[in-house]
Amino acid sequence: MTADLLVAGGGLAGLVFARRAALAGHRVRLFEAEGVFGGQVTRQDVAGVALDAGAESFATRGGDGPGTVLALLGELGFADDIVAPAAGSPAWVQERSDRAFPLPAAGLLGIPTVLDESLLPALGTDGLARARQDATLPPDEGATAKTLGALVRARMGDRVVDALVAPVVRGVHSTTPDALPLDSASPRLREEFRRTGSLAAAITSIRSTSPAGSQVAGVRGGVFRLVDALVADAAAHGAELTTGAPVTAVAEDGIEVDGRRLRGIPVLARPRRAPDPTRRITVVTLVVEAPAWRGAPRGTGVLVGPAAQSVRARALTHLTAKWPWIREALGEREAVRLSYDGSAVADAADVAVRDAETLLGAPVDLLLDHTVRTWDRWGRAGSGDPVLAVGEEVAGTGLAAVVRQAEALATSLTVERASGHPSGERERMEE
Ligand SMILES: Cc1cc2nc3c(=O)[nH]c(=O)nc-3n(C[C@H](O)[C@H](O)[C@H](O)COP(=O)(O)OP(=O)(O)OC[C@H]3O[C@@H](n4cnc5c(N)ncnc54)[C@H](O)[C@@H]3O)c2cc1C
């Protein structure tokens, strides 16, 4: 049996790649090990409502230009279902067990740009005065910083890093600011800082070129809806997609599925290595009766700093406060989702209820339903693999990164095919 392209893995990356390649006229076969497509983009039913179990939003950087999630959603007929998170309610930080404050608006990874008195609860008088020195320090102060932490400490002081940046970096990148390379934090930050000579000015500049409004969006009814639409469209364009079909070997000229060798160009859309145990996370979703949570006491959610020792969660998303469609679907009920480092504990739901009560500062009257799901994560892969690859390992985490890279690879194959070289040599894993 032959096919032009044999895709191993039917998460978002594999599906996006398969659809685009099929649209371009390639013969594509895709094999997904699990019984459902989607990987980390998938649904769960909680209290009778379908919610995202994995990714629930995506970055809107790049607007709706080619290769963006917005463009893909538009092509698949979701333009009217793209939704922004509820306006006017920023996330909060729980710095210590007894100390919470809202994150500054219009910042980047917790770094503030407007250094006014609204920051006093977070920084205190001395911390705010130190942060304001960013405007007057020599422009080369911090210019050689290699990590985000080093740059912010040099420009705005330790308090900004410890109170604001550390909880956000922990929630978004699962690391500390001092271990986060500057270019991974934001590819343009170094360049903009060199140009402007001030950290606040650099961030203001980066933000001004992003689309107005929120930096993330979701899909009414759940981001998981994208999965079925991709599968249907890829199949409509001739791709063959199979679930329950683990790929057991990959060679340069084909793959092995169910003990059968298939010849064609393999495209890896699944991880190649064992998961990184230090990156395992558990997500607990709760649907509760909690009238005291109405009015979004902590905005769209709370990021938990390492010093908040009475809370085991590292972040909470107040789903009914963040997404109006979930509020509509749940009526008077409230939904939150909490993430934890590591595997699920036996009493995960009880722990999550207690954490949610602490983080939202108000009690739960009744737990109506809950789910607990553990996710393995993989770090970024090294270079040198001779096989074409898409997905998180090569693109980095997040739907925006994954979609962009998978679209780019499929498009480059199209170009090469048109020019008589269908092998895709140029897009081998070089990241
Ligand atoms: C809880 C959670 C919340 C998240 N929230 C967000 C968010 O809000 N916004 C955002 O942008 N990103 C979010 N992400 C990250 C985002 O979901 C991922 O970066 C993205 O979905 C990765 O897509 P992928 O196709 O590269 O990998 P995956 O989705 O992991 O897909 C890989 C696929 O390969 C399959 N596979 C594995 N082995 C084999 C084999 N041998 N043969 C065949 N198939 C195989 C797997 O079953 C899987 O379906 C979140 C992730 C998680 C877990």
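**Close-up 1. R19 of helix α1 pairs with E75 of helix α2.** R19 is buried in this predicted model. Its relative accessible area is 3%, and buried means under 20%. E75 is partly exposed, with a relative accessible area of 43%. The two residues form a salt bridge. Their closest N and O atoms are 2.8 Å apart. Helix α1 covers residues 12-23, and helix α2 covers residues 69-75. The pair links distant parts of the chain, 56 residues apart.

**Close-up 2. R19 and E75 belong to a network of salt bridges.** Side chains of opposite charge can pair when their charged atoms come close. Here the linked residues are R19, R20, E75, D233 and E407. The count for the model comes to 28 salt bridges.

**Close-up 3. R280 and D376 join two loops.** Their side chains meet in a salt bridge, 2.9 Å from N to O. R280 lies in the loop between β13 (260-268) and β14 (281-289). D376 lies in the loop between β18 (366-375) and β19 (388-389). The pair therefore ties together parts that are 96 residues apart in sequence. R280 is partly exposed, with a relative accessible area of 28%. D376 is partly exposed too, at 24%.

Close-up 4. R314 is buried, at 7%.

**Close-up 5. Helices α4 and α5 cross.** Helix α4 runs over residues 148-156, and helix α5 over residues 158-173. Their axes come within 8 Å and cross at roughly 150°. Angles over 145 degrees count as roughly antiparallel, and α4 and α5 are therefore roughly antiparallel to each other. The crossing is right-handed. Which residues make the contact? From α4 come L148, G149, V152, R153 and M156. From α5 come D158, V160, V161, D162, V165 and V169. The residues of this contact divide into seven nonpolar, one polar and three charged.

Key: Residues are numbered from 1 along each chain as its sequence is written. This is a predicted model: local features need pLDDT of at least 70, side-chain atom pairs count only at pLDDT 80 or more; totals for chains, interfaces and linings use all residues. Side-chain values use heavy atoms; hydrogens and water are left out. Axes are lines fitted to C-alpha atoms, for helices over the stretch in contact, and angles run from 0 to 180 degrees between N-to-C directions. Helices (H or I, at least four residues) and strands (E, at least two) are DSSP runs, numbered from the N terminus. Angles under 35 degrees count as roughly parallel, over 145 as roughly antiparallel, 65 to 115 as roughly perpendicular and the rest as oblique. A crossing is left-handed if the near helix is turned anticlockwise from the far one by less than a right angle, and right-handed if clockwise. Contact means heavy atoms within 4.5 Å. Ala, Val, Leu, Ile, Met, Phe, Trp, Tyr, Cys and Pro count as nonpolar, Asp, Glu, Lys and Arg as charged, and the others, Gly among them, as polar. A salt bridge is a side-chain nitrogen of Lys or Arg within 4 Å of a carboxyl oxygen of Asp or Glu. Buried means under 20% relative accessible area, exposed over 50%, partly exposed in between (1.4 Å probe, protein chains only).
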